[in-house]
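Subject: Structure for you to look at

Hello,

Here is the structure I promised to pass on. Please open it first and then read the notes below it.

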Amino acid sequence: MPAATPPAALRKELSAPQKAMQKLGLVRDIDLALHLPLRYEDETRIVSLREAHDGQVVQVEGTVTRQEITQRPRRQLLVTLDDGSDTCTLRFFSFYPSHQKALAVGARVRVRGELRGGFLGRTMMHPAFHAAGGALPGSLTPVYPTSAQLPQAYLRKAVAAGLNRADLSETLPPPVLASLQEALRGLRAPLMSLRQALEFLHHPGPDVSLAALEDHSHPAWQRLKAEELLAQQLSQLQAKRERDALRAPSLQTQAGGLHEQLLVALPFALTAAQRRVGEEIARDLQRSVPMHRLLQGDVGSGKTVVAALAATIAIDSGWQCALMAPTEILAEQHFAKLIGWLEPLLEPLGKRVAWLTGSQKKKQRTEMLALIASGEAALVVGTHAVIQDQVQFKNLALAIIDEQHRFGVAQRLALRSKTPYRRPAGGGDPKSDAAGLDSRVRGDDGPLLEDGSLSEPHLLMMSATPIPRTLAMSYYADLDVSTIEELPPGRTPIVTKVVSDSRRHEVIERIRAQVAAGRQVYWVCPLIEESEAIDLSNATATHAELSQLLPGVIVGLLHSRMPVAEKKAVMALFSGGQMGVLVSTTVIEVGVDVPNASLMVIEHAERFGLSQLHQLRGRVGRGAAASACVLMYTPHEGGRLGETARERLKAMAETSDGFEIARRDLEIRGPGEFLGARQSGAPLLRFADLATDIHLLEWARQAAADMLSLHPESASRHVTRWLGNRADYLKV
Ligand code: ADP
Ligand code: MG
C-alpha cells in the first residue's frame, strides 16, 4: 500500500528538515497538530538566584560582571552573572567569538539552564541565553519528539503553524458528545473540544499540573484518547460493513450428508464448547455474507475437528473448501487426522482431497491443480502454495487458516484475492479503488451465485494464541470471535518445572525413565536469533549427546533446514511410537499431535517468548498419561536470569491457562509485538493505553456504531482526520 502521499506543494524540492518531517509522518496540518510534546520547559517566569535551589532548571536575568577564558583544567569560557540577589558562573567548553560578544561585561542577559552547586560557587553549564528584556511567554514551551535532521525550533514553528491552519471543527455529533461527557463524568472537568485540548497540550499555561499531563489523565488527554479510539473503532466497523455488503454462498448441512456422517464417524463425542462454536460457524456459513471469524482455543482444545465440520458443510452444499497451515510439516501433521476422517466419506461421492505444497514435484502439482480447477477436489490442503497465482478454484466457498497469527498481512490479502472481490455498489471511495483494490477484481472467471453475482469465500481463522479482551475489542474489533474454553475430557494437567541447566543430568535420567515406561519425549533446542547456524549446531550437539547417554533409545533430529522428505520420515517414526526422543529446533512449535508424548524439555527456555513456551508445552498432555514440561534455563555469569525472562518462566510455572498466559504476555511485551504481522504498517494507538483506558474503549465501541448508522458524514470526516489513508491497513 502506498505511504501517505504529500500534497503537491511538498512534492517539489524538499529541504532536509522538510524531508525529516515527512519521514515522521508529519505531512498534513492535522498531522502536525496531533504531534504532541514529549515534555515542556518552563520559560514563563524569571527566578531570583537566591530562591533557586541546586538541581533546578531555572531562568534568570542579570548583568555580566566578569568574563575570562581559562586554559585549566580545560580551555573554557567563564562568565559571572549577577541578578542582584546572588551570582552564578556560566561555563562554556565550546564557544565562539559571538559568545564573548553577547556575554561581554555589562551586558544584561536572560539565561536558562540547570543550576549546580560546586567549588566554583553555583554554576550553569552551557545555558541557553539571549539579551535580557522582551515579554515572557504565557505558556510552557513544548519539546517535541524529533529526529537528528529536524531542529526543535523548526519543528516547534511548523507545529504551531499546523495547529493554526488545521481544521479542528467538531466531528462528534451532539448525542455522541453527550455520551462522551457521560463516560468521562469522573473527571470533574468540563469536556474539552478537540481544538481546546490540542491548544492546551501544545501550550499549557504555567500553573498546570505536570503530573496530570505526564500520566495522561488530564481532560485534554482524555479527549484526545477518546477521539483516537473512536477513529480506530470507526475504521474497523467500516471495514466490517463493507464486507457485509459482499456476497458469499449460503452453505447448509444436508440431511444424511457429510456433516452428519462425520459426527457419527468421530471416535469421541464433541465437548459442549466444540458444539457451541460449531453452531456459531454453521450460522455464519448459512448467511449470504462472508464469514470473518476467529476460532480461538488453547492448544489441544480440539479446533481441528471444528474445522473439519465446517468443511463438510461447504462440501455438502457443493462447494470447495481450502485449508492452510503455515508450514508443510504442520499441514501434514495437523491435517492428517482431518483427512483421515474425511477421505473415506468423500470417496463414495467421487470427490477427493488435493494437496498443495512448495516441495511437490511438478507432475504431481499439475495433477493437483487440475483437480482443483475441475472441482473434483472438494478439499484443498496445503501451505502458502494454496494462495499462489496458478491455483484456480472452481468454486471456493470456505477458506480455513490455521495458526493464523503466523501468516502475514500480504498473505492474507492474497488469499482474499483468490476469489473475485467486488466493492458494494455505491460504497467506498473511488480513489482507493483505483489505488489498490481494482487489482483484486478478477473479472468474471470466478464462481457466480445463482443470481449471477460474484462471490467471496467465507473465512475461518484459527489460533491457539488467545487475544486478550482489550485487544479483541480494539485491534480486532472487526472480527467475530468464537472461543473453545474447555479441553476435551480425560486430560491430566501438565506439571511444569523450572530448573537450571546445572541439573541437566537429572533431566536426562527422567527421560530414560519415561522412555522405559513406553512414553515419548520432545527436546526443544535453543533459539538463537542471530544465527540459524548456531541454532542448528546446538540441536546437532544435543542430539549426539542424548544418543550417547541413552543407549538403546532411538533419538531423532528435526530442524528447519532438513529436506522435507527427511523431516517427514522423522515425524513418521515419532508419531508411530518407534522413536523415543525427538530433538528439534522450534519447527514443532505448533500443531503436532502425538498423544503418547508425555515429557517436553525446553533447553534455554529463557530465550523463548511466553506464547511460544505455552505452544510448545501444549505438545504434551494430549493423552491420558501424566505429563510434564521441564523449562531448563542457563543463568548469566552472575547466576541470575534477566527480569523479563524470570517473569516469563514464573508465569509458565504458575498457570497453564492460555488466556492468563496471553494476558501476562501482553503485560510483559505490550501490544506492539503481540499484534505482529497484522499491525505491520497499521497505526498502533499513539495516545490511548489499553491498560488504563478501558472506559474510553467501551465508549468508543458504542459511539462508533451509532455514528456510522446515524451520522455517516461525521464518521468519515473523523476517520480521515485521524487516520488519513492509513485506514486501509485495518481492512486486512
Ligand atoms: P488444537 O485445538 O490444538 O488444534 P487438536 O484439534 O489438535 O487441538 O486436538 C487435540 C487432540 O484432542 C486431538 O488428538 C483430537 O483428536 C482430540 N480431540 C478433539 N476433540 C476431542 C473430544 N471432544 N474428545 C476427545 N478428544 C478430542
Ligand atoms: Mg491445531
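Start with Ile400, which stands opposite Leu460 in strand β14. Please keep in mind that this is a predicted model.

The strands around that pair

Strand β13 covers residues 396-401 and strand β14 covers residues 458-463. The two pair in the parallel sense, over four bridges. Both belong to an open sheet of seven strands, whose order is β11-β12-β10-β13-β14-β9-β15 with parallel pairing. At the edges are β11 (352-356) and β15 (480-484), each of which pairs on one side only. From one strand to the next, the twist averages 20°.

A helix also packs on this sheet: α11, residues 272-286. Helix α11 touches β9 (292-297), β13, β14 and β15, and its direction makes about 155° with that of β15.

Two packed helices

Two packed helices are described by the angle between their axes and the distance between the axes. For α7 (residues 194-202) and α9 (residues 219-244), the angle is about 125° and the axes are 9 Å apart. Angles over 145 degrees would count as roughly antiparallel and 65 to 115 as roughly perpendicular, so α7 and α9 are oblique to each other. The crossing in which α7 passes α9 is left-handed.

Which residues of α7 meet α9? They are Leu194, Ala197, Leu198, Phe200 and Leu201, and on the α9 side they meet Ala220, Trp221, Arg223, Leu224 and Glu227. Of the residues in this contact of α7 with α9, eight are nonpolar, none are polar and two are charged.

Regards

Terms used. Residues numbered from 1 in each chain as written. Chains lettered and ligands numbered in written order. Predicted model: local features only at pLDDT ≥ 70, side-chain atom pairs only at ≥ 80, totals over all residues. Heavy atoms only, no water. Axes fitted to C-alpha atoms, helices over the stretch in contact; angles between N-to-C directions. Parallel < 35°, antiparallel > 145°, perpendicular 65-115°, else oblique. Left-handed = near helix turned anticlockwise from the far one by under 90°. Contact = heavy atoms within 4.5 Å. Nonpolar A, V, L, I, M, F, W, Y, C, P; charged D, E, K, R; others polar. Pairing = 2+ DSSP bridges.
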